[in-house]
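Dear colleague,

I am handing over the structure below, and the notes that follow it set out what was found. Please read them with the model open beside you.

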Amino acid sequence: PAQAKNKMKYILLVQLPLNDHGNNYVAGNIPYACAVLSAYVNLRLGDLGKAEYVPVEFSNFASNELLVNYIRCKKPDLLGFVCYLWNIERNIEIVKILQNDPSFTSTIVFGGAEITEDSVFLNTPGISFYCGEGEWFFRKYLRGEIDLSKQHFIKQPVEEQTAVEDIVEPFTSNYLNSSFDNSVFIEMTRGCPYKCVYCSYSKNLNKVRELKPCILFNAVEKAEQRGIREIYILSPTFDRAPHFKDSLRELAQINTLQLHTELRTDRIDP
């Protein structure tokens, strides 16, 4: 009954690059969060909503005014910004332009690993903030379990982490293209067992979830078919996965692309 009351929601996601007048850093703006969340909404919650993100070629090079016009034309129910240290101030600049337009009525949400309860940006009017996994937030939002008109800051409870089988890999699901350098990202680990003081990646996660190795092998097969140069395996401790040695034997057969990941060097043996 609760779902029946909700009309289909349209979600537009935005991820902007590091500000640099020479456009030297745009190649590093990989819209992975946008892609994985768009895939999750459309493939897991498609009866409640639809999601897409501003194309990376546009978000990387368009001016604030052009981005605002693009957003206005899309008329999303919810406009979500992926926030990092290097883009949050520009995100706020764009929001202020939109808020000067009385016809713009979209709900605006900022999310990301670096959103915290003591952030200096939380006093920005007209924006809701969430701390935690995007899958959790959009599931709650689309099911009508979050009232953004009454909640300015939403934090994911640690006991409500996204189940590993609900995480959608966006590259093989056709929601993520290769980057400018002809590489692609594949998430294989959600969370990290270590709590390094300089890293905010796992600050709100108390459990490490390893995706099935077949996800990586399917991505490798597709990447080879498309002539992709390199796969970045998103895993802070890839050698910690229970399937690590078996995966190495499978990956050793690759001869057409490079692999990049992170390991604990003290765990490496012959």
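A crossing of two helices is called right-handed if the near helix is turned clockwise from the far one by less than a right angle, and left-handed if it is turned anticlockwise. Please keep in mind that this is a predicted model.

In that sense H7 passes H8 in a right-handed crossing. The axes of H7 (residues 213-225) and H8 (residues 244-251) come within 11 Å and cross at roughly 15°; since angles under 35 degrees count as roughly parallel, H7 is therefore described as roughly parallel to H8. On the H7 side the contact involves Pro213, Leu216, Phe217 and Val220, which meet Ser247, Glu250 and Leu251 of H8. Sorted by class, this contact has 5 nonpolar, 1 polar and 1 charged residues.

Turning to the strands, S1 (residues 9-14) is mostly covered, with 5 of its 6 residues buried. S1 pairs in the parallel sense with S2 (residues 49-53) over 5 bridges, and Leu13 has Tyr53 as its bridge partner in S2. S1 also runs parallel to S3 (residues 78-82), to which 4 bridges join it, and in S3 the bridge partner of Val14 is Phe81.

With best wishes

How values were computed:
Residues numbered from 1 in each chain as written. Predicted model: local features only at pLDDT ≥ 70, side-chain atom pairs only at ≥ 80, totals over all residues. Heavy atoms only, no water. Buried < 20%, exposed > 50% of the residue type's maximum accessible area, 1.4 Å probe, protein only. Helix = DSSP H or I, 4+ residues; strand = E, 2+ residues; numbered from the N terminus. Pairing = 2+ DSSP bridges. Axes fitted to C-alpha atoms, helices over the stretch in contact; angles between N-to-C directions. Parallel < 35°, antiparallel > 145°, perpendicular 65-115°, else oblique. Contact = heavy atoms within 4.5 Å. Nonpolar A, V, L, I, M, F, W, Y, C, P; charged D, E, K, R; others polar.
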